[in-house]
Amino acid sequence: MPLQKILFKPGVNKENTRYTTEGGWYEADKVRFRQGNPEVIGGWEPFSMATFLGVCRSLWNWVTLGGDNLIGVGTNLKFYINQGGVYYDVTPIRASSTINANPFVATNGSSTITVTDTSHGAITGDFVTFSGATGLGGNITAAVLNAEYQITVLTANTYTFTASATANATDAAGAGGGSAVVAAYQISVGPAIPVPLVGWGAGAWGSPPPVAPPSTVGTWGYGLTSTSSLRIWNQINYGQDLVYGPRTGAIYYWEANNGVSTRGVLLSSLGGTVSFTNASPTVVTSTVLFTEGAALQFSGASLPTGVSAAVTYFVFEADGLTFKLIDNAGNLINTTSSGTGAVSLIVDVPTAVNTFTVSDTSRFIITFGANDYGSSILDPMLIRWCGQDDAFNWTPTATNQAGSIRLSQGSEIITVVQSRQEIVVFTDSALYSLQYLGPPFVWAPQLLGDNISIISPKAAIIASGVVYWMGVDKFYVYDGRVQTLNCDLRRYVFSDINLSQSLQVFSGTNEGFNEVWWFYCSTNSSVVNRYVIYNYVEKIWYYGTLERTAWLDSGLQSFPIAAKFDSSTTTGRLINHESGINDNTTGTAVALDAYISSAEFDIDDGNNFAFVWRILPDLTFGNSTNSPTAAAPAVTMTLFGLANSGSGTTSSANGTVTKGSTYVITEEFTGQINTRIRGRQMIFKIGSNQINTAWQLGSPRIDIRKDGRR
């Protein structure tokens, strides 16, 4: 027979047997398709050599009015803002105060320091920064103590940390540190990986609501849920500032004008200072702009007579930075003296939130799954929003657009995706469209579909105006209609996925290649180690292996960015993808182990054995480079022969295709590969595992002929 081209349909299909999938590709790793032809994916290099603490699960990129390109990095231990490749710790402070006198106790020959702080409220792994401490007299100096440490909790009143120096006998003589030690505790850390349901009642009967009351979690009849057992940060810019917070936690606000070295604070604490006139009614002058109906509480030693601390008042007749006050009965507040103070609390700002977003044009902060007005318990189906362009006003009145609404389909809002004219809201069993209508309804939901699923809060993404997401057993698409997304890898993915680690699943887009990526844990892994890709232009699928924990597309960056965790150092690093052609994560180039292999093919439906004696390659080495200190870029082409489709490989033949040393008009490479292989069915494979090697397969040919029937 004459030479025969080896041409296979684009995409990888594992929904049927390898023989049934004849004419297509069946296995792959680190390979994508360009106009139907497979090629090795782009390499990756460090975004910067700096590292951060913990496992990153959230990335967000925005640019300030001053032109600073910032990336928010949320890990299970900290929250950072990256500027110019440097990570700045902006983790909010939970509590800061003077603790017990002489709180430090050291042991001779040990770097472990025991701290006494009555009712500290911390958990093991939390971070605390000490200030105002005096040294213990020996190696444990004031400079050693006045630093940040991660702690191990012993009791409700004591914990330990490992100091940067080893104590001597003088340090161990007794408790020390002085009477002015201030401990600033950062908000508590979260788990790095989900913990599966445990304990009696962890099954269906007696299961808790999505957020069980703290007093009942873990008690009889309540299983310990894994809903919030993974630290997932929500973050989005509000203008040039950033609103962020951990899932099920409060909302924090970081102001760009304060600089990257300043921590974020509770949104509810940003009320500023006020002064009161001695009048009936009193007129309040504020440093922060409040709109009509805002609910406030005040504090300070100089509050005027007639205004009490920790009592809720409402803004009335607001005029710029001045306003009057009314109480909850609608009575104007009179004072008999002037005074000053601070807004200690902006009342009704949600204190427990599953997720949130900022509407693009109308500038509402909208929370999804939040505590209701006057309650501290998270309602997982409640949507609440602030006044328009007013992050400080969450109390609904006739003169503002703050409000709330509760969804009915499902038991918990999982996540949201903002589209062009709507916010797509996912519950655990339904899909809603949330649209802005203006007063009096403001925001109104519309049910788009029910009886759907979503596997995790990070499993949905928008690409080219279409929303894609991963369910618990299939993929979905919303393009105006909710539909199942046909997947040629559905059985492969969902038969080898660790559902106990489903909260780790996350998605991302690679817009430059028209791709949507999903990362997940394989069956025997507790860390993300697999990816599956849908190319929405060519409508094909492919997959591979890769350890990443978060993804950010290249909208404001030169390359897509991913986060990688190093368990040996417990630190993470950001990595530029599609940069270079090697794995250069650590600064030392390592080859990408990339390959793709076909389904089985034969002659005359396998009626005859086939004999192949040579392969004529056709490929391009693209951006591959020849280096004087390394071998020339090369790929290996392999043919596997099978006696029949169920026999397994009975013979194989392979050869190396090497890039030529020059490039003029067309690629130069090995002219032909001599083989001697016989089989009723055959499999073709191309792969590479050598640095500086990038390739795209064209239309190789094989010299094949019939060779008997047995």
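Predicted model: local features only at pLDDT ≥ 70, side-chain atom pairs only at ≥ 80, totals over all residues.
Me: Is W517 buried or exposed, going by its relative accessibility?
Reply: Residues are numbered from 1 along each chain as its sequence is written, and side-chain values use heavy atoms, leaving out hydrogens and water. Buried means under 20% relative accessible area, exposed over 50% and partly exposed in between, with a 1.4 Å probe and protein chains only. W517 has 0% relative accessibility, so W517 counts as buried.

Me: How many aromatic pairs does the structure hold?
Reply: Rings of Phe, Tyr and Trp (its six-membered ring) pair if their centres lie within 6.5 Å; planes under 30 degrees apart count as stacked, over 60 as edge-to-face and the rest as tilted. By that rule, the number of aromatic pairs here is 41.

Me: What kind of pair do F52 and Y80 make?
Reply: F52 is buried at 2% relative accessibility, and Y80 is buried at 7%. Their ring centres are 6.2 Å apart and their planes stand at 45 degrees, so the pair is tilted.

Me: What kind of pair do W517 and F519 make?
Reply: F519, at 0% relative accessibility, counts as buried. The ring centres of W517 and F519 are 5.6 Å apart with planes at 20 degrees, so the pair is stacked.

Me: Which ring does the charged end of R384 sit over?
Reply: A charge sits over a ring if NZ of Lys or CZ of Arg is within 6 Å of the ring centre and within 35 degrees of the ring normal. The charged end of R384 lies 4.0 Å from the centre of the ring of Y373.
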